[in-house]
Amino acid sequence: MTFFDALETRDAAQRAADIAKALPEQVARAKTLPGYAESLADIDAAEITDASALARLPVLRKSELQAKQKTSALGGFAGPVSGFDHVFQSPGPIYEPGNTSRDWWRMGRFLHAAGIGSDDVVQNCFSYHFTPAGMMFENGARAVGATVFPAGIGQTELQAQAAAEIGCTAYAGTPDYLKTIIEKMEAAALPVGFKKAVVSGGALFPSLREWYAERGIACLQCYGTADLGNIAYETMPGEGMVVDEGVIVEIVTPGTGDPVAPGEVGEVVVTTLNPDYPLIRFATGDMSAIMQGASPCGRTNMRIKGWMGRADQTTKIKGMFVRPEQVAGLVARHPEIARARVIADRDGEADTMLVQVEAQEADADAIGASVREFLKLRGAVEVCPPGSLPRDGLVIEDRRSYDT
């Protein structure tokens, strides 16, 4: 087995030493940018040498990025737009910069793990329009020496014809669109040359992966965002996703910046080491969990379980929105509470709210008063033994059925 570079097989001590050098430099870069003028003003960058030190810094959320972009295209979190090769627009709108330097989004590492190289022709079916996904995968393909057919999205009949006539051997795109192309090719009796597929942007169901495997196509998926590039990627099915070497990933309680215990589900927060766009503790809004142990593939960085839902559990109860940040405020008010869970349910046609809190001892009446203050609603309070609430990442659970 070959690796993309030596970074992938560093031992824990070497990786920690490298991060201890790179991370303070990245925080120092961020401190020079107007977007971080307030949030990092009192931070000594030299002290931020690992993930535990990062946890002292505030979380940057998309809502803040979007708000600051109303005054400048990149919100002061990077240099001027004119200093980049590309600028993209994602829904929101949110603008993201991009460069064409080698493996700028770090997708090459993923394509290499999927076995894509200089002998491959990649049919890139991610969009090149507005959003960066197409360019992200093209940039990665160029990093491994592959040839790219920039197909984009749609025009499936032409996609099928081109794949056969060009002799495309690899696919990049959403998980299900390759199946659509292959079905068109099979219906037209066209030769199917695909042997490898790298997918993202949707769920890769086991049945779909098996459908590809039955046709001799090895399909792997990655997890990334337009803002951050590649975050983690599969190297073999069923073994989680290896975290990319250019980012630091934390899993935190939704609505907070507080790391969860290893193995628990929480929100993915990412710090990128890309000097051109230093996002510090950027909250993705996605849920995942850290996997214990190293990958059997030989790569030594930590693994996550992949995408496990959205962290924005905002729920309307009795006509009022309840957000994870409000629940976090409730917990912060009461040091005796280890964690809390809000349960929305129905009693007949009326909404009900139960607030469960983990604590050795607690005054339910006092907590009830805080519930009214922070959640703006009245609800029952149940004090539960420590460790009794599910570790599934849910802060707000909606049990209401809308089918009856």
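This is a predicted model: local features need pLDDT of at least 70, side-chain atom pairs count only at pLDDT 80 or more; totals for chains, interfaces and linings use all residues.
How many of the 7 residues of β11 are buried? The answer is 7 of the 7, so β11 is largely enclosed by the rest of the structure. Buried here means under 20% relative accessible area, with exposed over 50% and partly exposed in between (1.4 Å probe, protein chains only).

Residues are numbered from 1 along each chain as its sequence is written, and side-chain values use heavy atoms, with hydrogens and water left out.

**View 1. β11 and its strand partners.** Strands (E, at least two residues) and helices (H or I, at least four) are DSSP runs, numbered from the N terminus. Two strands pair if DSSP finds at least two bridges between them. β10 and β11 are antiparallel and share 6 bridges; one to look for links E250 with V269 of β11. β11 is also joined to β12 (residues 282–288), again antiparallel, by 4 bridges. Here you can look for V270 and its bridge partner in β12, F282.

**View 2. T256 in its loop.** T256 sits in the loop between β10 (247–252) and β11 (266–272). It counts as buried because its relative accessibility is 13%. Its side chain reaches the backbone oxygen of T253 at 2.8 Å, and a polar atom of that side chain lies 3.0 Å from the backbone nitrogen of D258. Setting aside neighbours within four places in sequence, T256 is in contact (heavy atoms within 4.5 Å) with V59, R61 and A328.

View 3. Rolling a probe the size of a water molecule over the atoms shows where empty space is left. On a 1 Å grid over the protein atoms alone, a cavity is a set of points where a 1.4 Å probe fits but cannot get out, while a pocket is an open set with protein on both sides within 12 Å along at least five of seven lines; lining residues have an atom within 4 Å of a point. The structure holds 1 cavity of 30 Å³ or more, and the largest cavity has about 40 Å³ of space. Around it you'll find W104, W105, R106, D227, L228, G229, T272, N274 and Y277. That lining splits into 4 nonpolar, 3 polar and 2 charged residues.

**View 4. The largest pocket.** About 1,100 Å³ of space lies in this one. It is lined by 42 residues, and the closest to its centre are S200, G201, G202, Y223 and G224. Two or more lining residues come from each of β2 (94–98), α5 (133–143), β7 (218–225) and β12. β7 gives the largest share, 5 residues. By type, the lining of the largest pocket has 19 nonpolar, 14 polar and 9 charged residues.

**View 5. The second largest pocket.** This pocket holds about 630 Å³ of space. Of its 28 lining residues, A51, I248, V249, I290 and M302 are the closest to the centre. The elements giving two or more residues to the lining are α1 (12–31), α2 (51–54), β10 and β13 (290–291). The largest share, 5 residues, comes from β10.

Note on methods:
A polar contact is a pair of N or O atoms within 3.5 Å; within protein, one must be able to donate a hydrogen and the other to accept it, and residues adjacent in sequence count only if both atoms are side-chain atoms. Grid points are joined across faces, edges and corners, and a volume is the space filled by probe spheres set on the points. Ala, Val, Leu, Ile, Met, Phe, Trp, Tyr, Cys and Pro count as nonpolar, Asp, Glu, Lys and Arg as charged, and the others, Gly among them, as polar.
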